[in-house]
Amino acid sequence: MNHLLALDPLLRGSVTWSVLAVVLIKVVVAFVILLVAVMLYIWAMRKVIADMQNRIGPNRAGPYGVLQTLADGIKLFFKEQSIPDSADCPVFRLAPYLSIMPAFLMFCVVPIGGTVSILGHTTYLQVVDLPIGALFILAMSGLGVYGVMLAGWSSGSKYPLLGSVRASAQLLSYEAAFGLAILGVLIQAGTLSTHEIFLQQHWTNAWSFVTHWFWLKTCIAFGIFLIAALAETNHPPFDLVEAEQELVGGFNTEYTGIRFAIFFLAEFMNVITMSAIAVTLFLGGPSGPSLGFLSANNVINVWFLPMIWFLVKVLALLFATVWVRASLPRIRYDRLMSFGWKWLIEIAILWVLVTATVQVANVENWNSFVAAAVSVVVAVAAYGVLYAAMPKSDELIEEIR
Amino acid sequence: MEAVVFFVCAAAVIAGALGVIVGRNPVHSALFLLLTLVSIAVLYLQQHAALVAAIQIVVYASAIVVLFLFVITLLGVDKREVHDDGHPLQRVAAIVVGVLALSGILVLVHGNRWVTGLHSTRGVLGNADDPGNVKTLATSLFTDFVWAFEITAVLLVIAVVGSVVLARRSGHRPQVESAEDESQDERMSV
């Protein structure tokens with residue numbers, strides 16, 4: 001029965017009122033957490049970027065301007081919503097929701113704490129622990145394309161269409177590298193469940209963050225994941241979707257009022273969700289040292305400390321994304337495509353092969369150092385052959401002429 | 001509970017399928033197709049086939065329909081289609097054949113099992129040890145059915161290589177025109 005602990009949303013087996021209440025509480029709390037996190041993240045991002053650029057940033061609404069996002073949200077909520085005459089009305093209305101739903105659903109499989117007991121019902125602190133959690137993440141990030149794509153198409157206007165075509169090409173391209181980077185972890189973990197992956201990175205001694213967490217064992221996959229996640233969330237330097245000086249405002253040019261706010265919300269919700277997923281897969285999730293002088297069943301050790309560790313890690317990654325946003329210029333479109341297709345995907349595939357070889361070597365009791373060395377040499381040679389076969393950029397320009 | 005999920009999803013599947021055919025706009029049709037595919041994924045989930053449901057969404061909903069939409073919006077075929085049936089009797093004939101095919105299927109399914117295939121040749125999926133049936137499926141795929149698996153992989157690679165070769169060749173075709181021989185020589189010398 002252990003695996004059914006966080007499968008309650010499917011309401012299988014004996015459904016009692018406490019189960020239903022726990023499910024509802026978890027869903028609502030996760031949604032509220034995400035909304036509040038987006039609000040605070042936007043404020044913090046503006047403050048940090050302002051600091052990095054010697055400005056003050058928002059400082060009027062509330063202490064240190066912390067209510068600025070709320071004020072913006074209320075303003076957008078009460079603004080008039082206009083729909084262009086040439087727009088495709090039902091799709092135009094549908095698109096914002098298609099873009100926010102995957103962002104929230106992806107967060108549902110992220111464990112934000114350990115195993116707790118609510119209303120006499122033992123459950124994990126995550127909305128659902130699907131046995132196919134990692135695939136669910138991939139599926140939802142794939143569905144995220146629809147919002148952007150349909151928003152641009154249904155606006156019936158040129159710049160949004162250009163923005164959305166760029167976006168869908170970019171998202172499809174980086175989806176492959178994203179999936180292969182996750183595969184690097186899955187091969188080592190041997191499971192698709194996010195809760196199992198979290199358990200395998202459990203804190204046992206002071207060096208667990210090196211030996212148990214996956215970031216070092218899958219260092220190249222971790223790097224590829226971070227880059228691909230930035231591209232998947234249209235985060236700078238990959239924000240060609242809304243390159244203002246080329247596309248007016250990108251796919252959401254024609255959107256006003258609350259619909260625009262939903263796109264805005266979805267974009268930042270995606271950044272937060274991706275950081276949470278990176279923490280879950282590579283940085284141990286909620287695992288961290290517990291307070292030894294309290295008993296293992298103490299409410300602080302069970303409830304709060306895992307959440308605090310999770311929060312600290314997510315905040316560190318979110319700060320890094322703000323840092324990237326403030327310091328890197330936007331990448332050129334052809335560079336974006338050739339980087340994705342000629343570097344990231346190949347390296348990710350070769351990394352998966354190397355990981356698989358080392359894993360087989362462990363099972364078969366081969367010398368794992370020899371296996372690793374041989375597979376790395378073969379992988380580098382394979383990439384060399386592939387690189388020699390690729391048309392170089394000046395040859396391509398020549399061909400176009 | 002299972003019956004409720006089944007009827008809701010079945011209604012969504014049929015509504016989506018009708019929408020694909022009836023929709024005048026290709027993009028709307030593609031979205032109805034998406035509705036059908038996602039509802040079928042929910043049905044798989046209800047049948048404890050979580051992995052199949054996930055693959056249904058990853059492959060069909062988030063790759064294939066996205067490509068459909070990409071082609072539709074990129075090629076600008078999102079105009080209303082011309083509804084000019086080739087033959088005056090075509091619509092009547094299509095309805096008659098459709099009804100015949102449907103009744104044929106219903107009769108066959110009612111009487112026999114061989115239309116839908118055998119029930120679960122590999123045993124029950126979704127047992128307690130393997131809730132996502134990932135291990136069960138992987139074990140059959142990489143042991144008993146590895147030959148079929150590899151052959152399918154080769155088939156896919158051949159298709160990809162073939163399409164790349166065709167795309168590259170058609171890109172060069174305008175240059176092979178005889179009138180442009182000189183300019184082509186010039187181009188090569190540059």
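Predicted model: local features only at pLDDT ≥ 70, side-chain atom pairs only at ≥ 80, totals over all residues.
**Overall build**

Let's start with chain A as a whole. Its secondary structure comes to 15 helices and two strands. For 401 residues, a compact globule would have a radius of gyration near 21 Å, and the 23 Å of chain A agrees with that.

Chain A splits into domain 1 (2-331) and domain 2 (347-401). Taken over C-alpha atoms, the centres of these two domains of chain A are 31 Å apart. Ten residues from domain 1 of chain A and eight residues from domain 2 of chain A make up the contact. On the domain 1 side, H5 and helix H9 (219-232) of chain A each supply at least two residues. H5(A) gives the most there, with seven residues. By class, that side of domain 1 has eight nonpolar, two polar and no charged residues.

**Chain A against chain B**

Now for the neighbour. Here 20 residues of chain A are in contact with 18 residues of chain B. Two elements of chain A give two or more residues to the side touching chain B: helix H4 (133-154) and helix H5 (158-189). Which of them gives the most to that side? That would be H4(A), with nine residues. The side of chain A that touches chain B has 17 nonpolar, three polar and no charged residues.

**A helix pair inside chain A**

Helix H3 (residues 89-107) and helix H11 (residues 257-282) of chain A pack at an angle of about 25°, and their axes lie 8 Å apart. Angles under 35 degrees count as roughly parallel, so H3(A) is roughly parallel to H11(A). The crossing of H3(A) past H11(A) is left-handed. From H3(A), residues including Pro96(A), Ile100(A) and Phe104(A) take part, and among those they meet in H11(A) are Arg259(A), Phe263(A) and Met269(A). The residues of this contact between H3(A) and H11(A) divide into 13 nonpolar, three polar and one charged.

**The residue classes together**

| Contact residues | Nonpolar | Polar | Charged |
|---|---|---|---|
| H3(A) with H11(A) | 13 residues | three residues | one residue |
| Side of chain A that touches chain B | 17 residues | three residues | no residues |
| Side of domain 1 of chain A that touches domain 2 of chain A | eight residues | two residues | no residues |

Technical notes:
Residues numbered from 1 in each chain as written. Chains lettered and ligands numbered in written order. Axes fitted to C-alpha atoms, helices over the stretch in contact; angles between N-to-C directions. Helix = DSSP H or I, 4+ residues; strand = E, 2+ residues; numbered from the N terminus. Parallel < 35°, antiparallel > 145°, perpendicular 65-115°, else oblique. Left-handed = near helix turned anticlockwise from the far one by under 90°. Contact = placed C-beta atoms within 7 Å. Nonpolar A, V, L, I, M, F, W, Y, C, P; charged D, E, K, R; others polar. Domains from an automatic or database assignment. Rg over C-alpha atoms; globule rule 2.2 N^0.38 Å.
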